[in-house]
Amino acid sequence: MFIRFFCLIILSFAVSACNKPDPNPELKDPIYSDLNTTLAAANAALEAEKKALEGFQKELVDVVPQTGQIKYAQKRVFESQQKISRLEQEKQYLELKLEARKKSSKKAYLAAFKKGDIWPNPKEFEDYQAEKKLREAKRTWDVKQRMQEMGFGDEKAPAVPAEASH
């Protein structure tokens with residue numbers, strides 16, 4: 001009798017359980033996670049550069065006048081300030097991008113939930129990775145590196161005999 005009653009209770013819970021959408025779907029989104037780790041790395045780089053700037057400013061104060069070292073100390077301070085400015089802009093961009101991704105992932109999740117589709121879409125993440133790879137790729141053309149990638153840089157040039165050269 002007890003077992004039947006227990007099974008009936010479990011069965012009623014199983015039938016009456018409702019399927020609710022996740023209130024924080026962005027936590028399952030791999031793109032959101034990648035942007036979050038990139039933001040953390042940018043924050044760490046910004047803090048490291050601020051500490052480096054403090055060191056450069058101390059070196060600038062300690063430089064002996066008229067030795068020529070002041071130009072190099074000023075250059076390091078200027079370059080560090082420029083790098084900090086760039087890192088702050090990158091941090092702000094990533095924060096905005098993260099917030100936009102959070103909103104779009106909630107919207108996409110609810111649409112997929114209503115249709116019964118899988119979410120997150122693996123194709124979208126593949127596209128994101130390809131775009132990220134292209135965005136972070138080196139923008140200069142290096143012939144030697146390209147030849148090594150193609151397998152042409154491994155062979156050594158044949159030695160020219162001394163009597164063959166004019």
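The model is predicted, so local features need pLDDT of at least 70 and side-chain atom pairs count only at pLDDT 80 or more, while totals for chains, interfaces and linings use all residues. Residues are numbered from 1 along each chain as its sequence is written, and side-chain values use heavy atoms, with hydrogens and water left out. The protein chain has five helices and zero strands. Helices (H or I, at least four residues) and strands (E, at least two) are DSSP runs, numbered from the N terminus. Buried residues make up 16% of the 166 residues in the chain. Buried means under 20% relative accessible area, exposed means over 50%, and partly exposed lies in between (1.4 Å probe, protein chains only).

**Helices and their packing**

- From the N terminus on, the elements run α-α-α-α-α.
- Helix H2 covers residues 30–62 and helix H3 covers residues 69–115.
- The axes of H2 and H3 come within 8 Å and cross at roughly 160°.
- That makes H2 roughly antiparallel to H3.
- Axes here are lines fitted to C-alpha atoms, for helices over the stretch in contact, and angles run from 0 to 180 degrees between N-to-C directions.
- Angles under 35 degrees count as roughly parallel, over 145 as roughly antiparallel, 65 to 115 as roughly perpendicular, and the rest as oblique.
- The crossing of H2 and H3 is left-handed.
- A crossing is left-handed if the near helix is turned anticlockwise from the far one by less than a right angle, and right-handed if clockwise.

- Gln66 sits in the loop between H2 and H3.
- Gln66 is not a glycine, yet it has a positive phi of about 60°.
- Gln66 is exposed, because its relative accessibility is 85%.
- Pro120 belongs to the loop between H3 and H4.
- The peptide bond from Trp119 to Pro120 is cis, with omega near 0°.

**Salt bridges**

- The structure holds eleven salt bridges.
- A salt bridge is a side-chain nitrogen of Lys or Arg within 4 Å of a carboxyl oxygen of Asp or Glu.
- One of them joins the side chains of Lys28 and Asp22 (3.6 Å, N to O).
- Lys28 is exposed, at 53% relative accessible area, whereas Asp22 is partly exposed at 22%.
- Another links the side chains of Asp127 and Lys123 (3.1 Å, N to O).
- Asp127 and Lys123 are four residues apart in helix H4 (residues 122–136), so about one helical turn separates them.
- An α-helix has 3.6 residues a turn, so residues three or four places apart point the same way.
- Asp127 is partly exposed, with a relative accessible area of 41%, and Lys123 is partly exposed at 48%.
- Glu131 and Arg135 also pair through their side chains (3.6 Å, N to O).
- Both Glu131 and Arg135 lie in H4, four residues apart, about one turn of the helix.
- Glu131 counts as partly exposed at 46% relative accessibility, and Arg135 counts as partly exposed at 38%.

**A salt-bridge network**

- Arg101 is found in helix H3.
- Arg101 counts as buried, at 13% relative accessibility.
- Arg101 and Asp29 are 72 residues apart along the chain, and their C-alpha atoms are separated by 9.2 Å.

- Helix H5 spans 143–150.
- Of the eight residues of H5, the number buried is zero, so H5 lies largely in the open.
- Gly151 follows H5, and its phi is positive, near 95°.
- Phe152 lies in the segment after H5.
- Phe152 is exposed, with a relative accessible area of 52%.
- Trp141, Val143, Met147, Met150 and Phe152 make a nonpolar surface patch of about 600 Å².
- Patches are made of residues with over 30% relative accessible area and no salt bridge: like charges are joined within 9 Å, and nonpolar side chains (Val, Leu, Ile, Met, Phe, Trp, Tyr) within 5 Å.
- Accessible areas come from the Shrake-Rupley method with a 1.4 Å probe, and for residues only the protein chains shown count as cover.
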